[in-house]
Amino acid sequence: MTEGQRSNWLARRIGITGIGLTLIAAVVEFRPTSNDIQWRTYDQGVEEAKATGKPMYVDVYATWCGPCKEMDRVTFRADSVRALLTSAYIPVRIDIDTKQLSDSLKANWPIKAVPTSLILAARGSVLGRRVGYQHPGEFVAWLTDSAIIAYAGWLDYAAARQ
């Protein structure tokens, strides 16, 4: 093999490897999330919250949002986050670019950036709000904040009477 043939062979190998890595990165970036969290629509969440008395966790996101994708890849895949959202909360997702975010919700929750995380009492009042990416540890700390839990408990009037 001559020097020129070796250079062409090497250039082809590097090009093929680069294309392969690009394809793998694209598949990883755009694959659908499968994180065991059974997300509800807002209407489903409201019905379930009324029936169970559990607070709702609402994730307002956008498909084009980098920090939202990072929440999907990292935060919502963490075991501690999945366990907490599925046991103590009713997880709800709303895409900001769809009609899921109605005018009345826009008026009640002025969303200025995504991702926006909301904790809602079973009766609908906002107990907590965070904007931006949250690391799993800080996210769990926020979801288990004693003030939010106590306030959510007081809004469950049947539990408060007992």
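This is a predicted model: local features need pLDDT of at least 70, side-chain atom pairs count only at pLDDT 80 or more; totals for chains, interfaces and linings use all residues.
Two overall numbers before we zoom in. The protein chain has 162 residues, and 35% of them are buried. If you take the contacts with a separation of 6 or more, 68% of those come from residues 24 or more positions apart.

In what order do the strands sit? It's an open sheet of 4 strands, ordered 2-1-3-4, and the pairing is mixed. Strand 2, residues 90–95, and strand 4, residues 126–131, are the edge strands, each pairing on one side only. On average, neighbouring strands here are turned by 15° against each other, if you ignore direction.

As a reminder, strands of a sheet pair through backbone hydrogen bonds, and they can do that parallel or antiparallel. We get examples of both. Strand 1 and strand 2 are a parallel pair, with 6 bridges, and Val58 stands opposite Val92 of strand 2. Strand 3 and strand 4 run antiparallel, joined by 5 bridges. If you want a spot to look at there, Ile119 has Gly128 in strand 4 as its bridge partner. Strand 3 and strand 4 also make a hairpin, with 5 residues between them, and Gly124 in that turn has a positive phi of about 105°.

Now the helices around the sheet. Helix 6, residues 136–143, packs on the sheet and touches strand 1, strand 3 and strand 4. The direction of helix 6 makes about 25° with that of strand 3.

Which residues of helix 2 are buried? They are Tyr42, Gly45, Val46 and Ala49. Look down the axis of helix 2 and those buried residues fall within an arc of 100°, so they line one face of the helix. On the face of helix 2 turned away from the buried side you find the exposed residues Asp43, Glu47 and Ala51. As for what the buried residues of helix 2 pack against, that's strand 1, strand 2, helix 5 and strand 3. And just after helix 2 there's Gly53, with a positive phi of about 80°.

Cys68, Met71 and Asp72 are buried in helix 3. Down the axis of helix 3, the buried residues fall within an arc of 100°, so they line one face of the helix. The cover over those buried residues of helix 3 includes strand 1, strand 2, strand 3 and helix 6.

Okay, on to the aromatics. Searching the whole structure turns up 7 aromatic pairs. Take Trp39 and Phe76: they're edge-to-face, 5.1 Å centre to centre, with 75° between the planes. Trp39 is in the loop between helix 1 and helix 2, while Phe76 is in the loop between helix 3 and helix 4, so this pair ties together parts that are 37 residues apart in sequence. Are these two buried or exposed? Trp39 has 22% relative accessibility and counts as partly exposed, and Phe76, at 0%, counts as buried.

Phe76 has another partner, Tyr57, and that aromatic pair is edge-to-face too, at 6.3 Å centre to centre and 65° between the planes. Tyr57 belongs to strand 1 and Phe76 to the loop between helix 3 and helix 4, so here the pair ties together parts that are 19 residues apart in sequence. Both Tyr57 and Phe76 are buried.

Zoom out a bit and ring pairs link Trp39, Tyr57, Phe76, Phe139 and Trp142 into a cluster.

Last stop is Arg93. Which rings does the charged end of Arg93 sit over? One is the ring of Trp39, with the charged end 4.8 Å from the ring centre. Another is the ring of Tyr61, where that distance is 4.4 Å.

Methods: Residues are numbered from 1 along each chain as its sequence is written. Side-chain values use heavy atoms; hydrogens and water are left out. Rings of Phe, Tyr and Trp (its six-membered ring) pair if their centres lie within 6.5 Å; planes under 30 degrees apart count as stacked, over 60 as edge-to-face and the rest as tilted. Helices (H or I, at least four residues) and strands (E, at least two) are DSSP runs, numbered from the N terminus. Buried means under 20% relative accessible area, exposed over 50%, partly exposed in between (1.4 Å probe, protein chains only). A charge sits over a ring if NZ of Lys or CZ of Arg is within 6 Å of the ring centre and within 35 degrees of the ring normal. Two strands pair if DSSP finds at least two bridges between them. Axes are lines fitted to C-alpha atoms, for helices over the stretch in contact, and angles run from 0 to 180 degrees between N-to-C directions. Contact means heavy atoms within 4.5 Å. The arc is that of the directions from the helix axis to the C-beta atoms.
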